[in-house]
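Hi,

Here is the structure I promised to send over.

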Amino acid sequence: MAGRKPKFSKGTYFDYPTLFLTLFLALFGLIMIYSTSSYMANIDYGDGAYYFKRQFIFMVAGLVFMFLLSRYRYQRFKKFALLIVAVQLILLVLVLIIGDSVNGSTRWIYIGPIGFQPSEIAKLTLIIFTSAMCSDHPELTKSLKGFCILMIAPAIICGLIVKENLSTAVICIGIVVCIWFVATTKPWLIAPIIAVGFLAGVLLIMMKGYRGARIEAWLHPETAENGYQTMQALYAIGSGGVFGRGLGQSIQKMGYIPFAQNDMIFSVVCEELGIVGAVGLLAVFVMLLWRFKFIAEGAPDKFGAFIVIGVLSHIGIQVIINVAVVTNVFPNTGVPLPFISYGGSSLTFLLLEIGIALSVSRQIKPTSVQEQEKLEAMG
């Protein structure tokens, strides 16, 4: 019995709350993208639904792949972990050679009319690779030398991503560290690696003039040359009040906030739906993260648990950074709000991650679910 693979049977558990929360966020994102972008899309493209249509196509494709992955045995990814890393490295090198520039950043590879960002794939790659290494080689998580070995591939990947986007590299490192933290019995060993990463980040900021300008815009948005977008976002948040102006009634989206449907879409959520709507949206994210915790605790093996922790970390870190940037708690870093901001690559690979998490949930034993729910009810 020990060597037999579990089968997906009629009585297999499936985490429907995760599915419903994901669908809600994706659909809400579509609504907000249309509301936020329709004015400028009509001016720029003569079609108010331009961004909505493109995001809808990616959402449908992502949901199809999410469903397929939810039926796929996630353990098979472990066999291809090294191959996935190799392909990832090739893509990151290719984007430096043949990548196309969009809005001043060379992050895209186009195959005909279809474009994607290798840096978005890197998040999923690191989740799978780090989960595989930590589950197959737990001894490496018990010493600083072991962590340094585990860091080789992520360091190379993040080093290549830094040339494209420092904030994405930070998210990738955050995902890896979170998985390590759960995998190790000696979490204090991670502290030196975090310290080195922090110092490297400071040096990278100092080496690039535009990054220093973002710090200046963060500290003094009202006077800094690059503080315009931040100030307009803060105006939107302030004008929304408690209940907002109403869906579709934002003023700041009418050309005041540059590319409002992208990284700054949360400010329009605040303006149109108020503090109540913004807090409600964040509450949905919290519920989704809680479901990931539930799945990770019930996962049949460490590999599955680490994968779900990686997905949880990715979404959680990105939500925190985006909201902090929009409210000027953090410097402007260009991080989209998961499921809500416009971006086909981001949405598609997020849905792929959800699909793998749902695959893990399918192998949770119903008896384990009942026991876990009883323990949580007892506090």
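This is a predicted model: local features need pLDDT of at least 70, side-chain atom pairs count only at pLDDT 80 or more; totals for chains, interfaces and linings use all residues.

**Helix α4 and the rest**

The buried set in α4 is A81, V85, Q88, L91, L92 and V95. Looking down the helix axis, those buried residues stay within an arc of 120°, so they line one face of α4. The helix itself covers residues 81-98, which is 18 residues, and spans 25 Å from first C-alpha to last, close to the 26 Å expected at 1.5 Å a residue.

There's also a nonpolar patch on the surface, made up of F56, I57, V60, V64, F65, F67 and L68. Together these residues have about 670 Å² of accessible area. One of them, F67, sits in helix α2, residues 50-70.

Then there's Q232, in helix α10 (residues 228-240). Its relative accessibility is 10%, under the 20% cut-off, so Q232 counts as buried. Setting aside neighbours within four places in sequence, Q232 makes contact with Q252, Y256 and I257.

As for the whole chain, it has 14 helices and 3 strands. Of its 379 residues, 51% are buried. The accessible surface comes to about 18000 Å², with 69% of that belonging to carbon and sulfur atoms. Among contacts between residues at least 6 apart in sequence, 74% join residues at least 24 apart.

Cheers

Conventions. Residues are numbered from 1 along each chain as its sequence is written. Side-chain values use heavy atoms; hydrogens and water are left out. Patches are made of residues with over 30% relative accessible area and no salt bridge: like charges are joined within 9 Å, nonpolar side chains (Val, Leu, Ile, Met, Phe, Trp, Tyr) within 5 Å. Accessible areas come from the Shrake-Rupley method with a 1.4 Å probe; for residues, only the protein chains shown count as cover. A salt bridge is a side-chain nitrogen of Lys or Arg within 4 Å of a carboxyl oxygen of Asp or Glu. Helices (H or I, at least four residues) and strands (E, at least two) are DSSP runs, numbered from the N terminus. Buried means under 20% relative accessible area, exposed over 50%, partly exposed in between (1.4 Å probe, protein chains only). Contact means heavy atoms within 4.5 Å. The expected span of a helix is 1.5 Å times one less than its number of residues. The arc is that of the directions from the helix axis to the C-beta atoms.
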